[in-house]
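Colleague: I would like to learn how to read salt bridges and helix contacts in a model. Could we work through a case?

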Amino acid sequence: MSTALLLAIATASIVILLLLVIKARVHPFVALLIVSLLVAVATGIPAEKIMDTIMSGMGGLLGHIAIIIVLGAMLGAVIEASGGAESLAQRFSKSLGIKRTVAALTMAAFILGIPVFFEVGFIIVIPLIYGFTKVARVSPLKFGLPMAGVMLTVHVALPTHPGPAAAAGILHSDMGWLMMIGLAISVPVGIVGYYVAKLMNRRHYHLSVEVLEQLQMAKPEGAEKKNEPAPPGALTIAGLIVVPILLIVVGTLSHSLLAADSLPGKVMTVIGTPPIALLIALALAAWLLGVRRGWSREKLEDLTGRAIPGSASVILVAGAGGAFGKVLVESGVGKALATTLETLHLPLVPAAFILSLALRASQGSATVAILTTSGLLTSAVSGASDMARVLVTLAACFGGLGLSHVNDAGFWVVTRYLGLSVGDGLKTWTVLTTLMGLTGFALTWLVWALV
């Protein structure tokens with residue numbers, strides 16, 4: 001199949017998907033499956049492999065995030081029911097004021113995002129976003145957009161994450177320089193994201209019914225329910241949020257500090273995985289916020305059970321997004337796009353950025369876009385200096401930051417948790433990630449010009 005036809009099919013599939021979701025009001029899960037099937041048939045994927053491709057795309061993604069989303073939802077339900085998130089939010093708001101609180105939480109999200117995968121970190125901080133939203137009586141976008149933006153920035157730019165780490169290996173970039181320059185550029189990118197999100201929040205966006213139900217107006221301070229203990233302290237809640245992040249960080253560090261076959265190394269490998277870390281945090285929350293404060297086992301079971309239906313929609317839609325992305329990859333759309341861009345013979349840094357951005361837009365995964373771009377540029381960087389390799393790697397990484405849209409599972413996680421419609425998600429999250437990616441590229445190219 002010709003390159004032009006493949007690209008036309010990819011473009012048409014996204015248009016059809018948007019029409020189904022926005023105009024026809026088809027549920028995103030169903031719409032994504034329909035479009036995945038249409039693309040598979042149109043691009044000539046063998047009939048016997050179509051469902052295998054869709055299921056492997058969905059299953060591969062759900063194997064990574066389903067447990068995390070459910071455990072994160074349960075942890076959030078326990079924290080929310082205890083009044084702990086509001087307690088923490090009230091303390092922060094009193095100390096800093098609403099404007100400074102948004103900035104402080106964005107900085108905290110930047111730091112938390114360095115060791116923790118984007119989806120995992122965002123799901124962990126969702127209870128905080130909801131708690132602060134209730135106390136401040138504002139849209140969750142005020143906190144959620146800048147926090148998600150900076151977490152995705154460090155996810156794609158720093159070699160503590162798989163995309164940039166693997167890209168550094170492919171292009172033989174110096175990991176130390178990549179970390180230092182990536183961090184130096186990510187800071188101003190995060191600042192730009194904060195102010196862009198602030199500008200976006202001047203508009204009013206309609207939120208989903210599910211999120212509105214969770215964000216019912218907080219009761220006045222000091223108005224605890226009758227016969228219920230006072231909300232837990234802010235320090236307790238902050239500790240419960242930090243525990244899974246700390247375990248994940250220690251688990252990551254143990255790979256280089258402890259022998260893999262040693263007992264401590266094995267233990268830290270297990271408890272440092274995101275699902276186990278969240279399970280430990282959930283057990284601590286159930287004990288500290290529930291059992292110790294007089295909750296019955298029935299109440300805890302009911303709370304955690306009611307968290308599952310709410311998370312099911314996020315899981316299914318994100319999984320269907322993974323299926324759509326997998327079909328696009330298997331169809332050869334990404335390869336066709338890469339071949340087209342290679343023929344333009346652009347300078348290395350813009351070539352890396354544009355190629356990665358186009359691949360990100362076409363198949364959804366930032367990591368796949370970064371790795372594919374790095375593989376295509378291997379011969380182009382042969383003989384280049386160490387610094388040139390680092391900057392080309394960073395340009396590819398920031399290309400993977402932009403154009404997060406309907407074929408990206410992260411798009412659905414962010415928009416569903418923040419209560420955005422698909423149209424508003426494209427106007428906010430897609431625009432935000434693209435502007436942040438362009439900022440990162442511009443700064444990378446500036447460093448290239450200077451050195």
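**Salt bridges and a helix contact**

Modeller: At 10% relative accessibility, Asp424 counts as buried. This is a predicted model.

Colleague: With which residue does Asp424 form a salt bridge?

Modeller: In general, side chains of opposite charge can pair when their charged atoms come close. Here the partner of Asp424 is Lys427, with an N to O distance of 4.0 Å. Lys427 is partly exposed, at 46% relative accessibility.

Colleague: How many salt bridges are found in the whole structure?

Modeller: Four. One of them joins Arg360 and Asp408, whose closest N and O atoms are 3.1 Å apart. Arg360 is in helix α16 and Asp408 in the loop between α18 and α19, so the pair ties together parts 48 residues apart in sequence.

Colleague: Are Arg360 and Asp408 buried or exposed?

Modeller: The cut-off for buried is under 20% relative accessible area. Arg360 is buried because its relative accessibility is 2%, and Asp408 is buried at 10%.

Colleague: At roughly what angle do the axes of α1 and α20 cross?

Modeller: They cross at roughly 120° and come within 9 Å. Angles of 65 to 115 degrees would count as roughly perpendicular, and α1 is therefore oblique to α20.

Colleague: Which residues meet there?

Modeller: Leu18, Val21 and Ile22 of α1 meet Val422, Gly423 and Leu426 of α20. By class, this contact has five nonpolar residues, one polar and no charged ones.

Note on methods. Residues numbered from 1 in each chain as written. Predicted model: local features only at pLDDT ≥ 70, side-chain atom pairs only at ≥ 80, totals over all residues. Heavy atoms only, no water. Axes fitted to C-alpha atoms, helices over the stretch in contact; angles between N-to-C directions. Helix = DSSP H or I, 4+ residues; strand = E, 2+ residues; numbered from the N terminus. Parallel < 35°, antiparallel > 145°, perpendicular 65-115°, else oblique. Contact = heavy atoms within 4.5 Å. Nonpolar A, V, L, I, M, F, W, Y, C, P; charged D, E, K, R; others polar. Salt bridge = Lys/Arg side-chain N within 4 Å of Asp/Glu carboxyl O. Buried < 20%, exposed > 50% of the residue type's maximum accessible area, 1.4 Å probe, protein only.
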